[in-house]
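Trainee: Could you take me through the side-chain features of a model, one kind at a time, giving the general idea before the case at hand?

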Amino acid sequence: MAKITHLSLGTNKKQNNESLTKNLEKAIAFLLENSKIKLLKKSSLYCSEPFQMTSKNWFLNQVLQIETDFTSKKLLNFTQQIEKKLGRDKKSTSKIYEDRVIDIDILDFEDTILATKKLTIPHPELTKRLFVLLPLKEVNPNWIHPILKQNLNYFISKITNQKCFIYDEKA
């Protein structure tokens with residue numbers, strides 16, 4: 001049975017001299033090549049300063065709402081394959097983050113609550129990241145955290161020290 005899930009995509013490292021928007025477009029194209037994934041909504045692009053890391057490169061972020069026939073674990077494996085295809089060297093295992101061509105995080109998986117060594121749903125950092133909360137609110141304004149039972153406005157109101165805004169390619 002298909003599940004509704006939200007994915008967060010982020011990039012701050014160009015590949016082959018292509019734009020950051022191209023990194024996101026390629027990741028979405030790879031996702032949609034699989035018949036087990038259907039795109040329902042996608043947010044605007046958001047520009048955000050590096051968070052929990054030191055870098056001069058700002059990020060471009062986007063949230064997708066998808067419907068999938070994958071299990072959460074198979075979706076994780078599939079998104080990690082896409083990251084590797086696009087040139088992602090390694091995932092952070094110790095919360096030490098580096099510039100990356102692409103990062104795809106599973107934010108939620110319908111009503112699933114899960115905590116394993118490889119995957120935690122909902123994403124444990126979701127409530128602390130404005131670059132996730134704002135685009136998630138755009139695609140699903142009524143989203144409620146399944147454990148904390150709070151809406152997105154609640155979490156957004158708690159964040160005062162991050163810069164994040166809708167990206168304007170023409171600016």
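Trainee: Are Arg-129 and Asp-105 buried or exposed?

Mentor: Buried means under 20% relative accessible area, exposed means over 50%, and partly exposed lies in between, with a 1.4 Å probe and protein chains only as cover. By that scale Arg-129 is buried, and Asp-105 is buried as well. Bear in mind that this is a predicted model, in which local features need pLDDT of at least 70 and side-chain atom pairs count only at pLDDT 80 or more, while totals for chains, interfaces and linings use all residues. Residues are numbered from 1 along each chain as its sequence is written, and side-chain values use heavy atoms, with hydrogens and water left out.

Trainee: What do the side chains of Arg-129 and Asp-105 form where they meet?

Mentor: Side chains of opposite charge can pair when their charged atoms come close. The criterion for a salt bridge is a side-chain nitrogen of Lys or Arg within 4 Å of a carboxyl oxygen of Asp or Glu. Arg-129 and Asp-105 meet in such a salt bridge, at 3.6 Å from N to O. This pair links distant parts of the chain, 24 residues apart, with Arg-129 in the loop between strand 7 (120-121) and helix 3 and Asp-105 in strand 5 (residues 103-109); helices (H or I, at least four residues) and strands (E, at least two) are DSSP runs numbered from the N terminus.

Trainee: How many salt bridges does the structure hold, and which residues form others?

Mentor: The structure holds five salt bridges. Among them is the one between Lys-26 and Glu-18, at 2.7 Å from N to O; Lys-26 counts as partly exposed because its relative accessibility is 26%, and Glu-18 is partly exposed with a relative accessible area of 26%. Another joins Glu-25 to Lys-22, whose closest N and O atoms are 3.9 Å apart, and both of these residues lie in helix 1 (residues 20-32), three residues apart, which is about one turn of the helix.

Trainee: How many aromatic pairs are found, and how should I read their geometry?

Mentor: Rings of Phe, Tyr and Trp (its six-membered ring) pair if their centres lie within 6.5 Å, and planes under 30 degrees apart count as stacked, over 60 as edge-to-face and the rest as tilted. A search of the whole structure finds three aromatic pairs. In one of them, Trp-58 and Phe-165 have ring centres 6.1 Å apart and planes at 45°, so the pair is tilted. Trp-58, in the loop between strand 3 (46-48) and strand 4 (59-68), is 107 residues away from Phe-165 in strand 8 (residues 164-166), so that this pair links distant parts of the chain. The rings of Phe-70 and Phe-78 are also tilted, because their planes stand at 35°, with centres 5.3 Å apart, and both of these residues are buried.

Trainee: Which residues touch the most other members of the largest nonpolar core?

Mentor: In soluble globular proteins, nonpolar side chains tend to be buried together. A nonpolar core is a set of buried Ala, Val, Leu, Ile, Met, Phe, Trp, Tyr and Cys residues joined through side-chain atoms within 4.5 Å. The largest one has 25 residues, of which Leu-7, Leu-9 and Leu-75 touch the most other members. Helix 1 gives the largest share of this core, five residues. A second, separate core of 16 residues includes Leu-130, Phe-131, Trp-143 and Phe-155.
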